[in-house]
Amino acid sequence: MKPISEYFIFFFESVAFFMAIFFFIQFSILKKREYLFYAVYLLLLSVYYLLAIPEFFFGVSLDDEATVAKFNLFKRPIQFLISLFYSLFVMYYLRLKKTSQKLNSFLIILIWFYGACAFMCLLGNLFRINYDSIYYLLSLLLFPIQIIIVVALFRTRIKYSKFVIWGTLFVLIGSTYTLMLSIYLSKVYTEKYAQTDYSYLPVQVSILVDIILFSIALQRKIADVEKHLMNSAIQRQKAI
């Protein structure tokens, strides 16, 4: 019998892919960039896990280093691009350009930093440079900075913003826990460990919570718009 973690990974991939399509459709209708950025974020997440767990999705042996290296080529660059597009989503959804110029400027710097990290990881992979220690250290150092940004976001007064901010906080905590668990497992076990059993579950659960919270925010916003239109129609009828 397969462990429950394997079923959960299939479930997560399905949800992430179909929700990406859903938000692409939302963007095509509403023409709001935050929906496009969120859709790209979810699509990149789906691609990332296909690359990160090739032994699970494609039956690749972890002893086949040449094949695994091909999957690893884009894994970490895509991971930084995920952070980049999620930051763009937060920036546009919370309208930071109008509500908080300082946070908006800081996020722009962070977005450029994510892009540079993605490019440097790609170069490192192409030239087979071992930068694992730098990558783990940088990821851990980014965590307190990201937490400070999220706490500062709670000051925004955009309607439904709390759903997005809490979702962001869950994703940050889940990502960091997964990172630390991956480091621990790679050090404890001398043999190659099955990441499908342990390390990805915390971040996947947190991402699903984020998707649910953003979906609730979206549905509440749609409901309020419909309510406003209905009230306007009633007022027009009374005015006749």
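The legends below describe close-up views of a predicted model.

**Figure 1. Overall fold of the predicted chain, with nine helices and zero strands.** Along the sequence the pattern reads α-α-α-α-α-α-α-α-α. A box of roughly 80 × 45 × 25 Å, taken along the principal axes, holds the C-alpha atoms of the chain. Of the 240 residues in the chain, 44% are buried. The chain exposes about 14100 Å², and carbon and sulfur atoms supply 69% of that area. Among contacts between residues at least 6 apart in sequence, 74% join residues at least 24 apart.

**Figure 2. The largest nonpolar core, with 68 residues.** The residues with the most contacts inside this core are Phe23, Tyr38, Tyr41, Leu42, Tyr49, Phe89 and Ile207. At least two core residues come from each of H1, H2 (33–52), H4 (65–93), H6 (101–126), H7 (132–153), H8 (161–188) and H9 (201–239). Helix H2 gives the most to the core, with 13 residues. In soluble globular proteins, nonpolar side chains tend to be buried together.

**Figure 3. Contacts of Tyr49.** Tyr49 is one of the residues with the most contacts inside the largest nonpolar core. Leaving out residues up to four places away in sequence, Tyr49 touches Phe12, Glu13, Phe57, Tyr200, Val203, Gln204 and Ile207. Ile207 is also listed among the core residues with the most contacts.

Figure 4. Ser46 is found in helix H2. With a relative accessible area of 5%, Ser46 is buried, because it falls under the 20% limit for that class.

Figure 5. H1 and H2 are the elements that give two or more residues to it. The helix that gives the most is H1, with seven residues. An α-helix has 3.6 residues a turn, so residues three or four places apart point the same way.

**Figure 6. Phe22 in helix H1 (residues 4–30).** The relative accessible area of Phe22 is 27%, so this residue is partly exposed. Apart from residues up to four places away in sequence, Phe22 touches Leu218 and Gln219. Phe22 and Leu94 are 72 residues apart in sequence, and their C-alpha atoms are 20 Å apart in space.

**Figure 7. The salt bridge between Asp132 and Arg76.** The side chains of this pair meet at 2.8 Å, N to O. Asp132 lies in helix H7 and Arg76 in helix H4, so the pair ties together parts that are 56 residues apart in sequence. The count of salt bridges comes to one. Asp132 is partly exposed, with a relative accessible area of 33%. Arg76 counts as buried, at 13% relative accessibility.

Figure 8. Lys31 is found in the loop between H1 and H2. Lys31 is exposed, with a relative accessible area of 60%. Arg128 is found in the loop between H6 and H7. The relative accessible area of Arg128 is 71%, so Arg128 is exposed.

How values were computed. Residues are numbered from 1 along each chain as its sequence is written. This is a predicted model: local features need pLDDT of at least 70, side-chain atom pairs count only at pLDDT 80 or more; totals for chains, interfaces and linings use all residues. Side-chain values use heavy atoms; hydrogens and water are left out. Helices (H or I, at least four residues) and strands (E, at least two) are DSSP runs, numbered from the N terminus. Buried means under 20% relative accessible area, exposed over 50%, partly exposed in between (1.4 Å probe, protein chains only). Contact means heavy atoms within 4.5 Å. A nonpolar core is a set of buried Ala, Val, Leu, Ile, Met, Phe, Trp, Tyr and Cys residues joined through side-chain atoms within 4.5 Å. A salt bridge is a side-chain nitrogen of Lys or Arg within 4 Å of a carboxyl oxygen of Asp or Glu. Accessible areas come from the Shrake-Rupley method with a 1.4 Å probe; for residues, only the protein chains shown count as cover.
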